[in-house]
There are 2 protein chains.
Amino acid sequence: MSQAAQNYDVFQAIADPTRREVLRLLSQKEMPISKITAHFPMTRTAIAKHLHVLSEAKLVYGRKEGREKIYQLNPEPLEEVQHWLSYYEKFWNNKLSMLKYLVEKEEKKE
Amino acid sequence: MSQAAQNYDVFQAIADPTRREVLRLLSQKEMPISKITAHFPMTRTAIAKHLHVLSEAKLVYGRKEGREKIYQLNPEPLEEVQHWLSYYEKFWNNKLSMLKYLVEKEEKKE
DNA sequence: AAAATATAACACCTTTTGGTTTCACTTATA
DNA sequence: TATAAGTGAAACCAAAAGGTGTTATATTTT
């Protein structure tokens, strides 16, 4: 994390369980940092840093409202993960596909 | 990484670009460590550690064959990532679904 | 049996992560 | 206009991540 933290990618952003939990929270309702922090056993500063990482990955956006900063989810970058995954889906799907194919071929013998 | 590295989860395992590249390589063909290392600008020891992380996450299996250790891909754990993602798909899919719905409704007016 | 090959296991180093505490700044409110 | 509330930012810290090089061990090959 540290200070000059630049170009975090989405894979790194979702690697941390706390950050995944933050995303889940924000998926239900936008909220300010202090509200988010209340759900975790750590300081507001720590959460602020996690939000910074998520923000770098464009997974959250924050707008200032009065003295609060409201964060909201932006799920779009997750499409990159989905796309990456789609390449591997065929590997585990193939097992089912192959099984299905074999079963159907067997059935046609009747 | 270090020495006693235990319980790496799949999210952490795929967070590293090198490890993702290793997975891609193994998706095409199983191979021993030295063969994998040839594709990267780092030492075999470093790759061995990455393989250890991937192995902890059950994303690769290694079998010994003579003096070589052949590693092969095991994509199953990625299903956990897919499952996690599926919760968020609705957020970005909804936009498309909504658009599609609106367009179709518009078409039916004719 | 000796030499070569392939990997494993250590010890070590540097940078990054994930957290803390403290202080300053801005915006509401009594 | 103080004061409270909410956040931002800096300095610091321990541990983990991601590398390195060296040494040890097992398996072929000559």
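Angles of 65 to 115 degrees between axes count as roughly perpendicular. The model discussed here is predicted. In chain A, helix α2 (residues 17–28) packs against α4(A) at an angle of about 80°, and the two axes are 10 Å apart. α2(A) and α4(A) are therefore roughly perpendicular to each other. On the α2(A) side the contact is made by T18(A), R19(A), V22(A), L23(A) and L26(A), and on the α4(A) side by I47(A), H50(A), L51(A), V53(A) and L54(A). By class, the residues of this contact are 7 nonpolar, 2 polar and 1 charged.

Two residues of the helix contact, R19(A) and H50(A), also have side chains that approach phosphate oxygens of DNA strand C. The table lists these distances together with the one for D16(A).

| Residue | Distance from a polar side-chain atom (N or O) to a phosphate oxygen of DNA strand C |
|---|---|
| D16(A) | 3.2 Å |
| H50(A) | 2.3 Å |

The elements that give two or more residues to the surface near DNA strand C are α4 (44–56) of chain A and, from chain B, α3 (33–37), α4 (44–56) and β3 (68–73). α4(A) supplies the largest share, 4 residues.

In total, 23 residues surround DNA strand C, and the closest are T43(A), K49(A), H50(A), G66(A) and K69(B). Of the atoms of DNA strand C within 4 Å of the protein, 61% belong to sugar or phosphate, and bases account for the rest.

Terms used: Residues are numbered from 1 along each chain as its sequence is written. Chains are lettered from A and ligands numbered from 1 in the order in which they are written. This is a predicted model: local features need pLDDT of at least 70, side-chain atom pairs count only at pLDDT 80 or more; totals for chains, interfaces and linings use all residues. Side-chain values use heavy atoms; hydrogens and water are left out. A residue is near a molecule or strand if one of its heavy atoms lies within 4 Å of it. A polar contact is a pair of N or O atoms within 3.5 Å; within protein, one must be able to donate a hydrogen and the other to accept it, and residues adjacent in sequence count only if both atoms are side-chain atoms. Axes are lines fitted to C-alpha atoms, for helices over the stretch in contact, and angles run from 0 to 180 degrees between N-to-C directions. Angles under 35 degrees count as roughly parallel, over 145 as roughly antiparallel, 65 to 115 as roughly perpendicular and the rest as oblique. Contact means heavy atoms within 4.5 Å. Ala, Val, Leu, Ile, Met, Phe, Trp, Tyr, Cys and Pro count as nonpolar, Asp, Glu, Lys and Arg as charged, and the others, Gly among them, as polar.
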